[in-house]
Structures are given as C-alpha cells and as structure tokens.
Amino acid sequence: MPLSTENLVLLCLGFFIIATLYSSVGFGGGSSYLALLTLFLGGFFAIRSIALVCNLVVVSGSTFLYFKNGHANLKDFLPFVLASIPLAFLGASFRLEENVFFLLLGFSLVTSSIFLASQTFSKRDFSEKVAKYPKFLTYILGGGIGLLSGLVGIGGGIFLAPILNHLRWDKSIKIAALASFFILVNSISGLAGLIQGGMLDLPWKETLALVVSVLIGGQLGIRMSLKRFTPKGIKRVTALLVFIVGVRILLKYIPEIF
C-alpha cells in the first residue's frame with residue numbers, strides 16, 4: 001500500500017537522522033530502518049528489501065572514506081567476509097515468521113549493546129590495547145554473524161562491532177571500518193538471497209525517496225565522525241543506538257506472543 005506524502009516525509013526524516021547517527025560508527029542503520037518501516041508499511045518483504053538497500057547505500061560511502069583515510073585493511077577484513085557471504089545468502093533465503101524475525105533481532109541487539117556498554121563503563125582504565133586471537137576465530141565469527149544478518153535482514157555489523165570491541169580485536173576506528181565493509185558485502189549477499197527466494201519487493205517511490213535521505217545522512221555522519229569521535233565515544237554511541245533499537249523492537253513484538 002503506497003504511503004501518503006505526509007508519512008513519506010516523516011519516514012524520510014527518520015531515515016536521514018538514523019543514517020547520520022549510524023554511519024558515524026560504521027553502521028548502515030538497517031536495524032532502525034526495520035523498526036521504523038514496521039510503523040508505516042505492511043509488506044514484510046518490502047520492509048526487509050528497503051532496509052537492505054538503504055544499508056547498502058550508507059555503508060558504500062562510509063567504506064570508501066574509511067579506505068581513503070587509511071583506517072581499513074582488506075587483508076585483515078577478508079576472513080570475516082569470506083565466511084559471512086555464503087551464510088548471509090543462506091539466511092536471507094529462509095522464510096521466517098514475522099514475530100520470530102523481530103524477536104530474534106531484538107534479543108540479539110540488546111545482548112550486543114550490553115556487552116559493549118559494560119566494557120566502556122568498567123572501572124579499569126580505558127585503552128586501545130589489541131589482543132591476539134587465532135585466525136579460525138575470525139571465520140567462525142564472520143560465518144555465524146553472516147547467517148544471523150541474513151536471517152534478520154541487516155548487514156550484521158551491528159552484531160560484529162560490539163563483539164570485536166569487547167574482544168579488543170583492534171582499535172575502535174578499525175572495527176568501525178570493518179563493520180562498514182562487513183555490512184556492505186552482507187547487504188549485497190542478503191539482497192541476492194531475497195532475489196533468489198522471490199522475496200525482493202521495492203516500491204519505487206518510497207525506495208527512491210528513502211535512498212536519497214540515507215545517502216545525504218550517511219555522508220554527513222561519516223565525515224563528522226572521522227574528525228570528532230574518540231574511541232570511547234564511538235563505542236558508547238554504538239552501544240546506545242543498538243540498545244534503543246533492540247528494546248523498541250522487543251516492546252512491540254513480545255506482547256503479541258501473549
């Protein structure tokens with residue numbers, strides 16, 4: 001069902017704000033796009049499709065700037081994405097019930113945010129010390145999060161970044177760059193899965209308006225963050241955004257079970 005002009009303007013404004021905030025920490029905003037779209041659109045496939053396309057638009061620009069500014073290293077990122085691409089495609093091919101889809105998304109986001117927040121608010125001195133881990137762990141994390149991201153219809157960086165920050169995999173700015181790149185490849189893979197499963201639904205007027213909104217917001221957010229955010233600031237903004245979205249989704253869908 002097409003949106004009214006008033007609702008489309010409100011949705012575009014919301015998407016612009018989300019893209020600005022999320023791009024500042026390397027995310028595309030897919031989880032919040034999903035939450036907003038459920039308030040305005042009735043088509044489940046359209047909601048997933050639009051969220052993935054908008055994700056792709058935001059992180060394409062962010063990834064380019066991270067590489068341009070020397071914060072991204074393709075060699076270090078490849079193990080994550082090579083494992084995630086096929087599993088994101090597989091996850092996107094599954095037809096989940098709507099309630100299961102959003103409950104899985106909500107619980108995953110809240111858990112991720114708590115882990116990350118507990119690190120930044122701990123009493124120990126905050127530092128950017130980097131821990132060493134075996135390479136096979138990157139494949140396991142990449143594959144597992146790729147599958148989850150495909151199932152819930154987002155790029156997966158919002159799950160990956162809190163875990164890697166908690167593990168001290170690398171400096172926070174590099175983790176943000178990885179999250180952006182991870183979302184980029186998984187969004188492409190997820191869209192391919194929707195196409196393969198015959199579930200891609202992109203109403204042209206709404207999609208075009210929202211894509212323009214997130215393109216502007218995403219470029220604004222990433223440029224602001226590269227100049228102003230501290231490592232602790234990146235992690236705290238990440239945790240707060242993830243928590244708010246997760247709680248919002250759970251409050252909407254848990255009552256429907258009972």
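Visitor: Which residues is serine 49 in contact with, leaving aside its neighbours within four places in sequence, and what makes a pair of residues a contact?

Guide: Contact requires heavy atoms within 4.5 Å. By that criterion serine 49 is in contact with Leu191, Leu194, Met199, Leu200, Asp201 and Leu202, once its neighbours within four places in sequence are set aside. This is a predicted model, in which local features need pLDDT of at least 70 and side-chain atom pairs count only at pLDDT 80 or more, while totals for chains, interfaces and linings use all residues. Residues are numbered from 1 along each chain as its sequence is written, and side-chain values use heavy atoms, with hydrogens and water left out.

Visitor: Why is serine 49 called buried?

Guide: Buried means under 20% relative accessible area, exposed means over 50%, and partly exposed lies in between (1.4 Å probe, protein chains only). The relative accessible area of serine 49 is 0%, and therefore serine 49 is buried.

Visitor: What does the side chain of serine 49 reach, and what qualifies as a polar contact?

Guide: The side chain of serine 49 reaches the backbone nitrogen of aspartate 201 at 3.0 Å. A polar contact is a pair of N or O atoms within 3.5 Å; within protein, one must be able to donate a hydrogen and the other to accept it, and residues adjacent in sequence count only if both atoms are side-chain atoms.

Visitor: How do helix H3 and helix H8 cross?

Guide: The axes of H3 (residues 44-68) and H8 (residues 172-196) come within 8 Å and cross at roughly 145 degrees. Such axes are lines fitted to C-alpha atoms, for helices over the stretch in contact, and angles run from 0 to 180 degrees between N-to-C directions. Among the residues making the contact are Ser49 and Leu52 of H3 and Leu191 and Leu194 of H8. The residues of the contact divide into 15 nonpolar, eight polar and one charged. Ala, Val, Leu, Ile, Met, Phe, Trp, Tyr, Cys and Pro count as nonpolar, Asp, Glu, Lys and Arg as charged, and the others, Gly among them, as polar.

Visitor: Lysine 174 is also in helix H8. Why does lysine 174 count as buried?

Guide: The relative accessibility of lysine 174 is 14%, so this residue counts as buried. Its side chain makes a polar contact with the side chain of aspartate 170 at 3.3 Å. Not counting residues up to four places away in sequence, lysine 174 touches His71, Asn73, Asp76 and Phe77.

Visitor: What makes lysine 171 partly exposed?

Guide: Lysine 171 lies in the loop between helix H7 (157-167) and H8. Its relative accessibility is 46%, and therefore lysine 171 counts as partly exposed.

Visitor: Why is serine 118 called partly exposed?

Guide: Serine 118 is found in helix H5 (residues 98-120). At 40% relative accessibility, serine 118 therefore counts as partly exposed.

Visitor: How do you know that helix H2 is mostly covered?

Guide: Eight of the eleven residues of H2 (residues 30-40) are buried. These include Tyr33, Leu34 and Leu37. In the protein, buried residues make up 53% of the 258 residues.

Note on methods. Helix = DSSP H or I, 4+ residues; strand = E, 2+ residues; numbered from the N terminus.
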